[in-house]
Structure formats: C-alpha cells, structure tokens
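This briefing covers charged pairs, a sheet with its helix, and a nonpolar core. Please read it alongside the sequence and the model.

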Amino acid sequence: MLDLVIGDRAADRVVPPTGHTVWLTVLTAGAMAFLAVFALALSLATGRLAQSWGESLAQAATVRVSAPADQADAQTDAVMAILVTTPGVASARVLTEDEQAALLEPWLGPDLPLDRLPLPRLVELVGTDALDREGLRLRLAAEVPGAALDDHTRWRQPLVTAAERLRLLGWTALALIGGTMAAMVTLAAQAALAANRPVIRVLRLVGARDAYVARAFTRRFTLRALIGAVVGTVLGVAAIAALPAADAAGGFLTGLGFRGAGWLLPLLIPPLAAIVAFLATRRAAFRALAGFE
C-alpha cells in the first residue's frame, strides 16, 4: 500500500501517461461514482419511506359506522364513547363531511352530493402499542352492530413490502455498478498491457519481475479510478443537493437525498472505487503477464 501511495518513477514510466485507456478508466470511474450516489440516495430514501409508512399506518386506524340516517348520530356517539374508555387509544375524532368529500374527490369528482349518498360515518383514531385491536374490534361488533374497525393492515404491508424491495433494488444497483466498473477497468488494463508488451519483454530481459510491472500498472489505474470517482461523486452529490425539497416535490420518497450524517456516506464511494480498481487491475495484470511467456 505504501508503494501504491508513494509510487516509483522508474516503474511509472512503464505505463503510458496518455491514451484511450486513461480516459476510459477516468470516465468509467466518474460515471459509475455518479450513478452510485443516486443508487445510494435511492436506497436510503426508500428505507425512510418504509419506516415512515410502517410507523404511521401501524398507529392509525379507522372505524366505519354504517347505519340508517336516523341512527347514525347515536351509533357514532356510541363508538366515540367506547374509544374514549379504551386503553391504548391516543386520540379519536369524527371526520367532517368536507374531509370525506376530499377523500372521495379523486374517484367521484369535486361536485359530490354527499347529502344524497348514504355514506358511512368515519372515525379516525390513533392508537399506541398498548391498544388491543382485536379486543376493540370485538367490542365494537357487540355494542355497535353498524361499526367496523379497519386497522389498515391490508394496505400497510404491501406498501412496506414495495418500499423494501425498492431499497433492495438500490443496493443491487450499487453491486452492478461496482461489477461494471471492475469489468471496464480490467479491459482498460488489459489493453494497456497488450499495447506495452514489447516494453514489458525488455524489462524482463533486464531482470524486472512480474510483481514490479504489475505494481506499476496497478498504481496508475487505481489512481485514475480514484480521481474519476472523486469527480463523479462530487457531481452526484451536487445533483442530489440541487433536487427540489420534499414539500416542493410532493413528498416523493420523502425527499430523494441524504439527511444528517447520511451526507458523509458518499465519501465512501471514491475509496471503494479505488479498491475495486486495485483488485481488478492487479488480477488482470498478473493474468496478462502470465500469458506473455
């Protein structure tokens, strides 16, 4: 590692300082680092999304009161009385007609005549971990026949599962980005080794070992990948920072970006890119040198 950092001027002359392999390595590392920033941001955002959906929907529930018009008020009052005396219910309130109209507007339009539709009354409640949902459901069924408790289980689990799979997709994208970068660096190293085959043969004649030559190529390609990854990471972080805030974007994915200490995570991308380039180049160099016999 010390040789990798300090270098050897004599060994560095073995590797061409210019050429298409230089730009291929730098541009590939930069592009992959740029994409890695977005994949990392996507993974973190979907993680926050899954946690937010899980926590908010797990605490919320709705009581639907379906009763004739002349009994709706009485049954709604009975439901509220039960909720007030139920341990674990933090708050409960009856939705107004305007709130119900807002819930139905996306499906039935803005001019909905609620007074002509036999809509059920909706009671929104927020519970705690101490709430016995099954016990509350049985009590409502026994004391208020027209009331039904919906704890949003059938809606919560698919949403959380979708967010978790999207987060897994983000980590998978990071793995593919690393693999693609390793493949491109390997091709660039092999091309540089093949182009300098006569020079490598002369070095062998004067006593240079394969480890000496491989170290020279490994150092150059690792530094090139590091430089490209730094540039790509900086551009990626700047692009993430320039995205609209969560409120302006409608809260999509709770804001695609980093929060708090999460802004430090992109700093890991350039070192990881250098490690990938180091391993890929070292392997390619020794395999190519073994084929020069």
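Arginine 93 is partly exposed, with 35% relative accessible area; buried means under 20%, exposed over 50% and partly exposed in between (1.4 Å probe, protein chains only). This is a predicted model, in which local features need pLDDT of at least 70, side-chain atom pairs count only at pLDDT 80 or more, and totals for chains, interfaces and linings use all residues. Residues are numbered from 1 along each chain as its sequence is written, and side-chain values use heavy atoms, with hydrogens and water left out. Helices (H or I, at least four residues) and strands (E, at least two) are DSSP runs numbered from the N terminus.

**Salt bridges**

- The structure holds five salt bridges, a salt bridge being a side-chain nitrogen of Lys or Arg within 4 Å of a carboxyl oxygen of Asp or Glu.
- Arginine 93 forms one of them with glutamate 99, at 3.0 Å from N to O, and glutamate 99 is partly exposed at 29% relative accessible area.
- Glutamate 124 also meets arginine 93 in a salt bridge, at 3.3 Å from N to O.
- This pair links distant parts of the chain, with glutamate 124 in strand S3 and arginine 93 in strand S2 (residues 89–94), 31 residues apart.
- Glutamate 124 has a relative accessible area of 36% and is partly exposed.
- Through shared partners, the salt bridges join Arg93, Glu99 and Glu124 into one network.
- Arginine 121 and aspartate 73 form another salt bridge, their closest N and O atoms being 2.8 Å apart.
- Here too distant parts of the chain are linked: arginine 121 is in strand S3 (residues 121–127) and aspartate 73 is in helix H4 (residues 69–84), 48 residues apart.
- Arginine 121 is partly exposed at 26% relative accessible area, and aspartate 73 is partly exposed at 45%.

**The sheet**

- Four strands form an open antiparallel sheet in the order S2-S3-S1-S4; two strands pair if DSSP finds at least two bridges between them.
- S2 and strand S4 (147–150) stand at the edges with a single partner strand each, so one side of each has no neighbour in the sheet.
- Neighbouring strands are turned by 20° against each other on average, direction ignored.
- Strand S1 (residues 60–65) and S4 run antiparallel and are joined by four bridges, and threonine 62 stands opposite aspartate 150 in S4.

**Helix H6**

- H6 lies across S1, S3 and S4 and runs at about 165° to S4; contact means heavy atoms within 4.5 Å, and angles run from 0 to 180 degrees between N-to-C directions of axes fitted to C-alpha atoms, for helices over the stretch in contact.
- Arg133, Leu136 and Leu140 are buried in helix H6 (residues 133–143).
- These residues are on the same side of H6 because they cover an arc of only 60° around the axis, taken from the directions from the helix axis to the C-beta atoms.
- Leu138 and Ala142 are exposed on the other side of H6.

**The nonpolar core**

- The largest nonpolar core has 19 residues, of which Met181 and Phe258 touch the most other members; such a core is a set of buried Ala, Val, Leu, Ile, Met, Phe, Trp, Tyr and Cys residues joined through side-chain atoms within 4.5 Å.
- Helix H3 (20–59), helix H7 (153–195), helix H9 (210–241) and helix H10 (269–291) are the elements that give two or more residues to this core.
- H3 gives the most, with eight residues.
- Not counting residues up to four places away in sequence, phenylalanine 258 touches Val37, Leu40, Ala41, Leu44, Ile240, Trp263 and Pro266.
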